[in-house]
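Subject: Structure handover

Hello,

Here is the structure I promised to pass on. Please open it and read the notes below alongside.

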Amino acid sequence: MCSFLVKDSHGFLDHLLYESVLDVPIRMELMQSFGFCSWHTWQLPALPSICSPDTGYSIFASDLLRKFAYLSSSVEEGIGKKRTLKSFLAKSRRRWLSRVKQKACPACRHVSQFETYHLKELLEFIGDEEFLEAYKASSGICLPHFFLVQERYSGHGNFPLLLEAQRAMAQSLRNTLEEFIRKQDYRFRDEITSTEARAWRVAMEFVAGKPGVFTNEMGHDRVRTTRTGGISADRVSVQSTAFDRCSLAQLIEQMKGSKEATFYLKQALPQDLLGGLRDLASQKIHLSVEFVVEELGNVEYLRTLYSLGFSLLYGIGLPAQTVVLLDGKRGYMLDDHQRSSGRRLRPLKNAEDLYLNLLWRRFGIAVLLSGSIKEVDIKSGLFCLATEGSREQWCRFKKADTNELPQVGSNVEVFGWERWNTRVVELLDVYPIRRE
Ligand SMILES: [Zn+2]
Ligand SMILES: [Zn+2]
C-alpha cells in the first residue's frame, strides 16, 4: 500500500509540474495550502528533468514567499498601530500559520482518496481465494495501514481474513528476526542467511510504513494545528442590520480619514461612487487607493481607474460582490440592489480576516508604458517595446489575431497587465503617439 502511495504521489507531482505549473487554479490551490507538505516537497527533486522541477518549484515558491511578505508586512503595520509588540504577538500566536495555510497539501489530498479506495478494494478482493493466496505470499500491507483498515472497516465481512493473513506475516517476520538475534552468538554467525540479515529492514517498513507516508509525532502536523487555530473563512459575512448600513457619500468621508483603501471588484462601480473617487483623487489627501479587478473586460473603464492615479491590480478568485476595505480593519460590501435607499454599503463582520485573505489574490499590476517598437514577431504575436527608460519589454495581446501588431520603429503607448511570474506584458490596448 505504501509503495502504491509513493508511486501515485510521483505520478501526481510529475503531471502537475509537467502540465500545469502556470495554471492559475493550481497556483491558487498551492497558495492556499502554502505549498506541498514536507513529504511531497522532498519528492520533487526525484522527478524526471523533463518536468523541470527546478523551474516549477521556483514559480510556486516565489508565490509563497510573496504571500509571506504580504503577511509579515501587514502584521508589522499592525504592530505599529496597536498595542505593544509583545501583546500583539501574544494575540496573533498561531494565527500566522492559519492565515497562510488554509488547506491541506494538494498531493496529499489526491493520494489520500487513492488510499481509501485501495484499502477498501483490498478488503473486497481478499475474499477471493486466489487473491488471498497471492496476498499471503507477498509482504502484505504495513501495520500502520492495517490499523487504518481496522479503524475504518473492521465491520467488513472479509476483515477476519485480512487479520489472519496479517497475523501470520507478523509471526513469520518475528521468527526470522529472532533467528537473526539468536545467531548473533559468534558460534552461529556464519549461519545467518541473507533473508535474516535483511529482516530488520523489512521489519522497519512493516512496523512503520515507508518513509514519509505516516507523519512523525512531534506534534507538527500543520493541518491539524491550522484547524485548531481556526481557518478564517473565505466567505464574506456581513452585519446586515439596516441601521448599520452606510451611504456612498459616507464611505467617501470615511476614506478621507483613512490611510489605505482597497476595492475588490468584478463589476464596474456605481457612477456616483466613481464620481466621488474622482473628487477624492483631485484633493491632496494622504490616502493610498488600490483597485483589484477581475473579469473586467472594459479597457476604457480600466484606463479610467488607472488615470485616477490609483493602483490597479490583477485579481483572481475575488468575492462576487464588490468589497471595500479601509486600513485592513473596516470593510463594506456594496449592495446589488440599485433600488435600495441611499444606504448601499453593508459593514463586514470579518473585515480583518478578509483583508489578509484577499491580499494574495493579486497576480499582477496594470502598467502604462511608452516607447518605440524595436522588434515584431508576427508568428507568436509578440512585439518588443524599447521604453524611454531604456527598458526592453515584450508584449502580447491576449487574443493574438484580433489586433494588428504595430510596426517596427513606430512610437506607441501600451496599457496592459504585468503579470507576476511571466515577463511578457499582456496587452489591453496600444495607442499610437505622434512625435513632433
Ligand atoms: Zn503502508
Ligand atoms: Zn503532501
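A word on classes before the findings: Ala, Val, Leu, Ile, Met, Phe, Trp, Tyr, Cys and Pro count as nonpolar, Asp, Glu, Lys and Arg as charged, and the others, Gly among them, as polar. By that scheme, the lining of the largest pocket holds 11 nonpolar, 7 polar and 9 charged residues. Bear in mind that this is a predicted model.

The largest pocket first. Its space comes to about 1,200 Å³. There are 27 lining residues, and Cys108, Val213, Phe214, Thr215 and Asp221 are the closest to the centre. Two or more lining residues come from each of α3 (38-41), α7 (106-125), α9 and α12 (222-229). Helix α7 gives the largest share, 5 residues.

Now the second largest pocket. Here the space is about 440 Å³. Its lining has 23 residues, with Ser138, Ser139, Gly140, Val202 and Phe206 nearest the centre. The elements giving two or more residues are α1, α10 (159-182) and α11 (194-208). The largest share, 7 residues, is from α11. By class, this lining splits into 11 nonpolar, 8 polar and 4 charged.

Last, the metal. Which residues coordinate the zinc ion (ligand 1)? They are Cys2 (SG), Cys142 (SG) and His145 (ND1), at 2.0 to 2.2 Å. Cys2 sits in helix α1 (residues 2-19) and His145 in helix α9 (residues 143-153), so this pair ties together parts 143 residues apart in sequence. Along the chain, the donors follow the spacing C-x139-C-x2-H. Both Cys2 and His145 are buried.

Best wishes

How values were computed:
Residues are numbered from 1 along each chain as its sequence is written. Chains are lettered from A and ligands numbered from 1 in the order in which they are written. This is a predicted model: local features need pLDDT of at least 70, side-chain atom pairs count only at pLDDT 80 or more; totals for chains, interfaces and linings use all residues. Side-chain values use heavy atoms; hydrogens and water are left out. Donors are N, O and S atoms within 2.8 Å of the metal (3.2 Å for Na, K and Ca); water is not among the atoms, so sites may look incomplete. Helices (H or I, at least four residues) and strands (E, at least two) are DSSP runs, numbered from the N terminus. Buried means under 20% relative accessible area, exposed over 50%, partly exposed in between (1.4 Å probe, protein chains only). On a 1 Å grid over the protein atoms alone, a cavity is a set of points where a 1.4 Å probe fits but cannot get out, and a pocket is an open set with protein on both sides within 12 Å along at least five of seven lines; lining residues have an atom within 4 Å of a point. Grid points are joined across faces, edges and corners, and a volume is the space filled by probe spheres set on the points.
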